[in-house]
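Could you look over this model with me? I have put my notes into numbered points, so that you can check each one against the coordinates.

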Amino acid sequence: MSEAGGPGADSLGAEFLAIDWATDAPPRLEACPNCGAEGPKPPALGVSWIETRRGKPMRRALFTCPACSCRYFEPIRLPDYHDWLLIGWPELHAQQGAGLWPIDSPLARIRKPRGSRYLEIGCGYGFALDFAAHARGWRALGIDPAPLAEIGCRLLGAGLRQGYFPAADPEILPWDVMAATEVIEHLARPLDLLREMRARLADDGVLLLTTPDGEAIRPDTPRAALAQLLAPELHMVFQTKASLARLLAEAGFAHAVIERDATSLVAFASPSPFALDEDIARQRLMFLDYLAARASALPSESDLGLGFAGRAMAEAANDGDFERATAMRDHLWSAIRGRYGLDLDALDHLPQALRALPLQRLRAAMPFNLATILFAEGMRRLGLG
């Protein structure tokens, strides 16, 4: 009943060992951290991993609340968001690591005019803030305690209050749109955050949440996805559609739309009735225009310049917009030649000198998104015959 095999990695880089679907952990008797229900909480599984810093074997059980259906780890502890292990390489994040369409597409669906006020709790590098400001025309501000947020928001020119919500809230009330993407799973009491957000949201405002889907924690979910989903050194409480709907209603959000996206839940909520924009073609065009505009505005040889241009080329090629892909290709070829001395027209294999470099030095010799760029170029050439 144990899923063992080659190591995976969670967000902290810990070695992920095994999932025991028949754990013998005793039920938890404490109140549910999500809904407060008393009574025994049966174990759902056990997780084993190697702690990053000390190389110490760790094991923790995941429990299910029969009352609200959430899953949660015990003991629960707050991660240290000043931990540099949570930062990784900002260059990788800027060039390749962040998937911007999953980040930005939910914001593109919210029907709010230019000039609306947008607050993001746990804004991370700041890409959603950047989209809100440059694509939607909203007045955007982020709150986040992590050093990665300071790095990314500074380079993007995004507004940031470094710290924890609500202490870092600048008290600009009310907000028209608020977001907390991949945040509530890190909290011991998710309801407390949602109540604080409701208190600061306009009565016709819209809240956006994304969080791991607790119902995706099952044996048929691919191992790599499970490792990222469980992340036992980071994630605490896992919502289901039912538990999240209950939580939002209890926090004062009378209207909610909750959808599944792979192993995540995406929720829009408001105190008042609202409608989402379902014109995906219009949203994609907005997104492609945004990528191209940011690629043109940023220094072309910078990490962000390469990242936006690489994404713009790849997304345009994916959408069959080969004229746009060609424009971005010319932009990228010049930038990569200028920064790395690589002529991509003459590159048919990775030079032997680059193959021998450790990753620390390789990042100074080629862009992190080179494979994505060359794959997009192949798609562009095929599309043009």
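The points below go from the ground rules to the aromatic contacts, the cavity and some backbone details.

1. Ground rules. This is a predicted model, in which local features need pLDDT of at least 70 and side-chain atom pairs count only at pLDDT 80 or more, while totals for chains, interfaces and linings use all residues. Residues are numbered from 1 along each chain as its sequence is written, and side-chain values use heavy atoms, with hydrogens and water left out.

2. Aromatic pairs. A pair of aromatic rings is described by the distance of the centres and the angle of the planes. Here, rings of Phe, Tyr and Trp (its six-membered ring) pair if their centres lie within 6.5 Å; planes under 30 degrees apart count as stacked, over 60 as edge-to-face and the rest as tilted. The count under this rule is nine aromatic pairs. One of them is Phe 127 with Phe 308, an edge-to-face pair at 5.9 Å centre to centre with 70° between the planes. Phe 127 belongs to helix H3 (residues 127–134) and Phe 308 to helix H9 (residues 303–318), so this contact ties together parts that are 181 residues apart in sequence. Helices (H or I, at least four residues) and strands (E, at least two) are DSSP runs, numbered from the N terminus.

3. Phe 131 lies in helix H3 and Tyr 290 in helix H8 (residues 280–297), so the pair links parts 159 residues apart in sequence. Phe 131 is buried, with 1% relative accessible area, and Tyr 290 is buried at 4%. Together with Tyr 125, the residues Phe 127, Phe 131, Tyr 290 and Phe 308 form one aromatic cluster.

4. Helix H9. This helix has 16 residues and reaches 22 Å from its first C-alpha to its last, close to the 22 Å expected at 1.5 Å a residue (the expected span is 1.5 Å times one less than the number of residues). H9 is mostly covered, with 14 of its 16 residues buried. Just after H9, Gly 320 takes a positive phi of about 75°.

5. Charges over rings. Arg 284 lies over the face of Trp 101, 4.6 Å from the ring centre. The charged end of Arg 60 sits over the ring of Phe 73, at 5.9 Å from its centre. The criterion is that NZ of Lys or CZ of Arg is within 6 Å of the ring centre and within 35 degrees of the ring normal.

6. The cavity. Arg 60 turns up again here, among the residues that line the largest cavity; others include Pro 75, Arg 77, Glu 233 and His 235. On a 1 Å grid over the protein atoms alone, a cavity is a set of points where a 1.4 Å probe fits but cannot get out, and lining residues have an atom within 4 Å of a point.

7. Backbone details. Most residues other than glycine have a negative phi, and most peptide bonds are trans. Ala 231 has a positive phi near 30°; it is in the loop between helix H6 (223–230) and strand E12 (237–238) and is buried at 1% relative accessibility. Ala 231 and Trp 49 are 182 residues apart in sequence and 9.7 Å apart in space, C-alpha to C-alpha. Glu 182 also has a positive phi, about 55°; it is found in the loop between E10 and helix H5 (190–200) and is partly exposed at 33%. A cis peptide bond, with omega about 5°, joins Phe 165 and Pro 166, and Pro 166 is in the loop between strand E9 (160–162) and strand E10 (175–181).

Terms used. Buried < 20%, exposed > 50% of the residue type's maximum accessible area, 1.4 Å probe, protein only. 1 Å grid on protein atoms, 1.4 Å probe; cavity = no way out; pocket = protein on both sides within 12 Å on 5 of 7 lines; lining within 4 Å.
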